[in-house]
Amino acid sequence: MTGHEKAQGPKHKRELTRRKVLAAGTGAVVAAGVGGTFAAGAFAGEETPAAGPTASATSGETCYKLTSETTEGPYYIDADKLRRDVTEDQDGIPLTLRLKVIDADTCKPLANAAVDIWHCNALGVYSGYEAMGSGGGGGGGGGTPPSGAPTGSPTGAPTGSPPAGGGGHEEPTDDERYLRGTWRTDRKGEVAFRTVFPGWYQGRCVHIHTKVHVNGTWTDAGYEGGTTCHTGQLFFDEASVLATAEVEPYSTNTTARTTLDEDTIYPGNGTEGGLLKLKYKKGAIAKGVVATLTMGVDPEAAQDGTGAG
């Protein structure tokens, strides 16, 4: 999967058509039940930290810079499940992801926006694309490297279609949908997900993909219409990733890891580029991590996932 996300996504502009509600046991909800306030804590027993510095829309200053647009990558699946807990049966360090979405121009929160997240599991595998494997750790795509020097020489001109994985969107290979979900921002522009800390695969640092959709309608069938105003990726600092690498099952992932500084997608501009603010107990990251970020978006924009980076 090396370099899959170095190329840009589909060229056409993505308009949300219809997002289906797929039953997922207790993790699934109907659209009428989404959008509840998170004022008392996104999940039971958790306190909701401040999402960022208080900003005044009348101060004449931009409170947050526009969050960087990045490539969608090849593994986006529309019509994801409407749910906050996307973990399913995946092993890994518990991660609570709290995002606040605001208009970067007015500083006002964007309520009723649909926020997508999707990422690989601890071993670098994306649901819906298990046949493509990962970089190691028993997740597929590992194996024993060939030994000896190659023999013979290629003859004739190449035939057939280019190999899959050239950077554009890939069609799903299976019906799995773990570590994917969509939820609605509340009146404060806040949304929270429960997931696991992502792992890594060849050629990329640890990251989470995200999209923000606005101007659509929440119905009994899900979220209809609207436009995608932001396509980005969320990143983790190197110290936290090194800490996770000591914990199973991350420690069994034998793939060579790309660092944050080496990654070709991360814009290198901190929180503006999607670098998450992490909170966890030092020396005990296995107990769980809380990640927060305020994302400044342009609700009038139409982003199709071909952003630079």
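## Buried cysteines

Cys120 is buried, with a relative accessible area of 1%. Buried here means under 20% relative accessible area, whereas exposed means over 50% and partly exposed lies in between, for a 1.4 Å probe and protein chains only. Cys205 is also buried, with a relative accessible area of 4%. A search of the whole structure finds zero disulfides, a disulfide being a pair of cysteine sulfur atoms within 2.5 Å.

## Basis of the model

The model is predicted: local features need pLDDT of at least 70, side-chain atom pairs count only at pLDDT 80 or more, and totals for chains, interfaces and linings use all residues. Residues are numbered from 1 along each chain as its sequence is written, and side-chain values use heavy atoms, with hydrogens and water left out.

## Overall composition

Helices (H or I, at least four residues) and strands (E, at least two) are DSSP runs, numbered from the N terminus. Starting at the N terminus, the elements follow the pattern β-β-β-β-β-β-β-β-β-α-β-β.

The protein has 309 residues, of which 49% count as buried. A contact means heavy atoms within 4.5 Å. Among the contacts with a separation of 6 or more, 82% are made by residues 24 or more positions apart.

Strands of a sheet pair through backbone hydrogen bonds, either parallel or antiparallel. In this report, two strands pair if DSSP finds at least two bridges between them.

Strand S2 (residues 94-103) and S5 run antiparallel and are joined by seven bridges. Within this pairing, Thr96 has Arg194 in S5 as its bridge partner. Six of the seven residues of S5 are buried, so this strand is largely enclosed by the rest of the structure.

## The antiparallel sheet

Another open sheet is formed by four strands in the order S4-S3-S6-S9, with antiparallel pairing. S4 and S9 (227-235) are the edge strands, and each pairs on one side only. The average twist from one strand to the next is 20°.

S3 and S6 run antiparallel and are joined by five bridges. The bridge partner of Ile117 in S6 is Thr210. Strand S3 (residues 114-118) also contains Asp116, which counts as buried at 0% relative accessibility. The C-alpha atoms of Asp116 and Leu82 are separated by 9.0 Å, although the two residues are 34 residues apart along the chain.

## Aromatic rings

A pair of aromatic rings is described by the distance of the centres and the angle of the planes. Rings of Phe, Tyr and Trp (its six-membered ring) pair if their centres lie within 6.5 Å; planes under 30 degrees apart count as stacked, over 60 as edge-to-face and the rest as tilted. The whole structure contains seven aromatic pairs. One of them joins Tyr75 and Tyr126: the pair is tilted, at 4.7 Å centre to centre with 40° between the planes. Tyr75 lies in the loop between strand S1 (18-19) and S2, and Tyr126 in the loop between S3 and strand S4 (180-184), so the pair ties together parts that are 51 residues apart in sequence. Tyr75 is buried, with a relative accessible area of 2%, and Tyr126 is buried with a relative accessible area of 2%.

Tyr126 also pairs with Tyr201: the ring centres are 5.6 Å apart and the planes stand at 70°, so this pair is edge-to-face. Tyr201 lies in the loop between S5 and strand S6 (207-214), and this pair links distant parts of the chain, 75 residues apart. Tyr201 counts as buried at 2% relative accessibility. Ring pairs link Tyr75, Tyr126, Tyr129 and Tyr201 into a cluster.

## A charge over a ring

A charge sits over a ring if NZ of Lys or CZ of Arg is within 6 Å of the ring centre and within 35 degrees of the ring normal. The charged end of Lys211 sits over the ring of Tyr76, at 4.9 Å from the ring centre.

Definitions and conventions
Axes fitted to C-alpha atoms, helices over the stretch in contact; angles between N-to-C directions.
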